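This briefing goes through one protein model by topic. Please keep the sequence and the structure in view while reading.

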Amino acid sequence: PFVPGASVTAGLNAAQREAVLYLDGPCLVLAGAGSGKTRVITQKIAYLVGECGYSPRHIVALTFTNKAASEMAHRVQSVLPGKQGRGLTISTFHSLGVRLLREEAALVGLKPQFSILDSDDALAILQDLLATTDKARLRSVQHTISLWKNGLIEPDEAERTAASATERDAAKVYRSYRDTLVAYQAVDFDDLIRLPARLLEEHAQARERWQSRVRYLLVDEYQDTNVCQYRLVRLLTGPRAMFTAVGDDDQAIYAWRGATIENLAKLTTDYPNLKVVKLEQNYRSVQRILAAANSVIERNPKLFEKKLWSDLGVGEPIVVLPQDNEEAEAENLAMRISAGRFERRCEWRDFAILYRSNHQARVLEQALRNLKIPYTISGGQSFFDKAEVRDLLSYLRLIANDEDDPAFIRAATTPKRGIGQGTLHGLGTYAGNRQVSLFCAIFEQGLEAHLPERQLYALREFGSFVQRMQWRAGRGTPDAQTPASSEPAGPILDDLVAAIGYERYLYDTFDERAAQSRWQNVIDLLGWLKRKAEDDGLSLMELVQHVALITMLERGEDEEPDAVKLSTLHASKGLEYPHVFLAGVEEGLLPHQGKDDEEGDPERAAESLDTRIQEERRLMYVGITRAQRSLHLSWCKRRRRAREDIVREPSRFIKEMGIELAPVADANAGMSPKERLGALKALLNRPGKTA
Ligand code: ATP
Ligand code: MG
């Protein structure tokens with residue numbers, strides 16, 4: 001007999017099937033992590049297109065991050081192969097907002113080519129309006145305005161209701177900030193949701209157009225929508241209300257950005273015929289991991305009783321790793337991953353290291369590079385992608401390889417040294433005709449006919465500087481007249497950075513704070529390079545080749561290379577990995593300390609502390625539930641914050657997971673990294689090369 005949806009629901013449990021097949025009105029799936037909510041969305045898309053005759057053009061699925069959107073598109077592709085899924089919209093709220101706004105720009109007084117400001121651009125505008133360079137103040141004003149925009153609060157109301165000092169500060173410039181954006185024909189990120197919502201509200205024709213286009217809407221991670229996004233969902237779906245939202249109140253982690261769990265309650269009042277489906281089986285994690293997650297989240301007040309179970313077996317014990325400091329932590333995690341991949345016979349992609357704060361990534365990245373472990377990073381910029389790090393690495397790349405034209409261009413022009421676009425254009429044309437690299441072209445006689453004296457001089461001066469460095473780094477001169485030098489890498493690196501005047505360049509180009517933090521990154525980079533050279537006895541040339549090798553491994557990031565995933569907890573939402581390492585599970589970091597922004601009223605401060613801990617707890621819950629088979633937690637007894645060593649305690653969440661913290665004997669405890677390394681070298685009977 002014909003069973004509707006049999007093929008797309010074959011791998012689903014009864015509750016999931018119910019949610020997929022339900023088309024009589026709005027539907028909400030409310031369930032814990034790993035229970036197959038996202039799977040309901042992908043199967044429902046397949047059902048709508050494959051069996052109900054919906055055109056893909058009429059289906060829109062929304063998520064929060066680009067990563068989650070591409071993951072979802074990928075899953076849909078596997079149930080709707082080939083051209084079947086062509087025309088589907090699977091995107092973030094923001095990219096849908098951009099699309100809608102480009103098409104309807106005129107209705108809100110924008111040109112279709114309006115520009116989108118990132119948060120730094122927006123900050124620069126606020127800086128002008130407030131006539132201050134105090135970054136902390138600017139950021140909190142920006143944040144406050146953002147909350148208003150997301151809450152659909154207009155300047156008038158903001159002025160009337162501003163309560164704290166920051167709010168009054170922000171209210172003063174909110175209106176002029178908005179007017180400035182209009183004058184620039186620009187929008188900020190919040191406008192990408194706010195303006196479409198307003199537009200659909202005010203213009204009936206546009207609303208009808210979009211409502212007839214969006215015949216079915218699906219929303220993932222519904223618990224993290226803000227007022228604006230909720231409004232947009234309502235307007236897009238209209239009175240027909242054909243939509244499915246899935247979410248988990250225990251994974252709401254964006255309250256600080258204005259998301260509100262009340263949206264869950266609102267659905268039930270705004271749509272009295274709302275169908276609510278709950279899922280209880282977890283298909284992701286082994287029982288130990290699930291039990292730990294449940295035990296943590298139990299301490300939060302709950303909306304409704306949720307009992308998740310799993311039949312994936314008990315699993316390995318969760319391992320807690322106390323570490324001396326963040327370097328030891330990073331080194332240890334990298335080593336465990338390296339060994340784990342071998343022992344478990346799995347791939348790099350099966351491992352993820354998750355952390356609370358972006359700044360934790362740098363040391364982790366360096367440790368992974370030391371062991372030549374490929375990785376990708378999300379939820380923040382890679383240390384090695386920062387402009388100042390790339391600047392200096394471009395010199396090193398050029399020193400190692402004359403043929404590296406992109407490195408040549410970057411190094412020759414940063415800091416400025418009289419080599420401009422005109423010079424490079426002349427040089428490039430000449431090199432192109434001669435089929436040689438830019439660097440080699442500098443020294444050719446023929447170039448003299450193509451460039452004015454002054455430009456030629458600047459180029460050759462730069463060229464011979466690089467040659468001197470190449471020689472000191474351990475390369476012979478091209479004519480082999482001078483043998484390679486064997487200087488250690490450290491002093492050469494210092495001389496290089498001093499010779500190009502990089503520190504002064506930073507302070508001349510950026511404001512004090514930015515320059516300081518960039519310079520700190522340079523110091524960190526140099527420190528890492530020198531340590532690496534010393535520990536492994538590498539010459540600068542070998543060191544540079546090592547660095548270049550890892551850069552190569554990173555290429556082709558689009559096609560999901562086999563790499564360990566580094567991610568903030570926020571950016572890991574919705575994703576899953578066989579083996580998860582949570583780094584920095586310490587009081588002050590997770591839960592995060594945050595700012596003491598509720599000055600004055602102790603009652604309010606206590607209340608906000610409570611809410612904050614609850615949000616941090618949900619973040620911990622998200623972190624734990626990313627793991628499928630194994631989970632490691634590490635914490636540092638000391639951590640460096642702005643040159644100070646701070647003593648740390650293990651996070652309360654470890655206890656809440658039901659793990660008793662016995663003092664763990666660390667074989668290497670008490671040894672400095674240098675001593676540890678010495679011990680290792682002695683063991684390998686391989687003394688390091690010395691200069
Ligand atoms: P999160 O709350 O973390 O976003 P989720 O509820 O969206 O989790 P999914 O990512 O959809 O959960 O599913 C978790 C895992 O379980 C996925 O690997 C998915 O393929 C698998 N899964 C979901 N439903 C089933 C099922 N009925 N049978 C087998 N595997 C399933
Ligand atoms: Mg999901």
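Helix α3 (residues 37-50) supplies the largest share of the shell around ligand 1, namely three residues. This is a predicted model, in which local features need pLDDT of at least 70, side-chain atom pairs count only at pLDDT 80 or more, and totals for chains, interfaces and linings use all residues. Residues are numbered from 1 along each chain as its sequence is written, while chains are lettered from A and ligands numbered from 1 in the order in which they are written. Helices (H or I, at least four residues) and strands (E, at least two) are DSSP runs, numbered from the N terminus.

**The ligand and the recorded sites**

- Ligand 1 is surrounded by 18 residues, and the closest are Gly36, Lys37, Thr38, Arg39 and Tyr283. A residue counts as near a molecule or strand if its C-beta atom, placed from the backbone, lies within 6 Å of it.
- By type, the shell around ligand 1 holds three nonpolar, 10 polar and five charged residues. Here Ala, Val, Leu, Ile, Met, Phe, Trp, Tyr, Cys and Pro count as nonpolar, Asp, Glu, Lys and Arg as charged, and the others, Gly among them, as polar.
- An unreviewed UniProt entry lists a "binding site" made of Ala31, Gly32, Ala33, Gly34, Ser35, Gly36, Lys37, Thr38 and Arg284. These residues are spread over 254 residues of sequence, yet they cluster in space, with a largest C-alpha distance of 13.4 Å.
- Glycine 32 belongs to the loop between β1 (27-31) and α3.
- UniProt also lists residues 10-286 as "domain: UvrD-like helicase ATP-binding", again in an unreviewed entry. UniProt positions are given in the numbering used here, feature names are shortened, and annotations may be inferred rather than shown by experiment.
- The span of residues 10-286 is 52% helix and 12% strand, and its end C-alpha atoms lie 23 Å apart.

**The sheet that contains β1**

- An open sheet is formed by six strands in the order β3-β2-β6-β7-β1-β8, with parallel pairing. Two strands pair if DSSP finds at least two bridges between them.
- Each of the edge strands, β3 (89-92) and β8 (275-279), has a single partner strand, so one side of each is left without a neighbour in the sheet.
- From one strand to the next, the twist averages 15°. Axes are lines fitted to C-alpha atoms, for helices over the stretch in contact, and angles run from 0 to 180 degrees between N-to-C directions.
- Strands β6 (residues 216-219) and β7 (residues 243-247) run parallel and are joined by three bridges. Leucine 218 stands opposite threonine 244 in β7.
- Helix α5 (residues 93-104) lies across β2 (59-63) and β3, at about 110° to β3. Two residues are in contact if their C-beta atoms, placed from the backbone, lie within 7 Å.

**Helix α6**

- The 12 residues of helix α6 (residues 119-130) should span 16 Å at 1.5 Å a residue, and the end C-alpha atoms are 16 Å apart, which agrees. The expected span is 1.5 Å times one less than the number of residues.

- Six strands form an open sheet with parallel pairing, in the order β9-β14-β13-β10-β12-β11.
- At its edges stand β9 (319-323) and β11 (375-378); each has a single partner strand, so one side of each lacks a neighbour in the sheet.
- The twist averages 20° from one strand to the next.
- Five bridges link β9 with β14 (residues 627-636), and the two run parallel. Opposite valine 320 stands leucine 633 in β14.
- Helix α16 (residues 361-370) lies across β10 (351-355), β11 and β12 (564-568), at about 175° to β12.

**Backbone features and a hairpin**

- Most residues other than glycine have a negative phi, and most peptide bonds are trans.
- Threonine 414 and proline 415 are joined by a cis peptide bond, with omega about -15°. Proline 415 is in the loop between α18 (405-413) and α19 (421-434).
- Another cis bond runs from leucine 590 to proline 591, with omega near 5°.
- Arginine 345 has a positive phi near 50° and is in the loop between α15 (326-343) and β10.
- Strands β15 (residues 638-641) and β16 (residues 644-647) pair in the antiparallel sense over four bridges. In their hairpin, with two residues between the strands, alanine 642 takes a positive phi near 45°.
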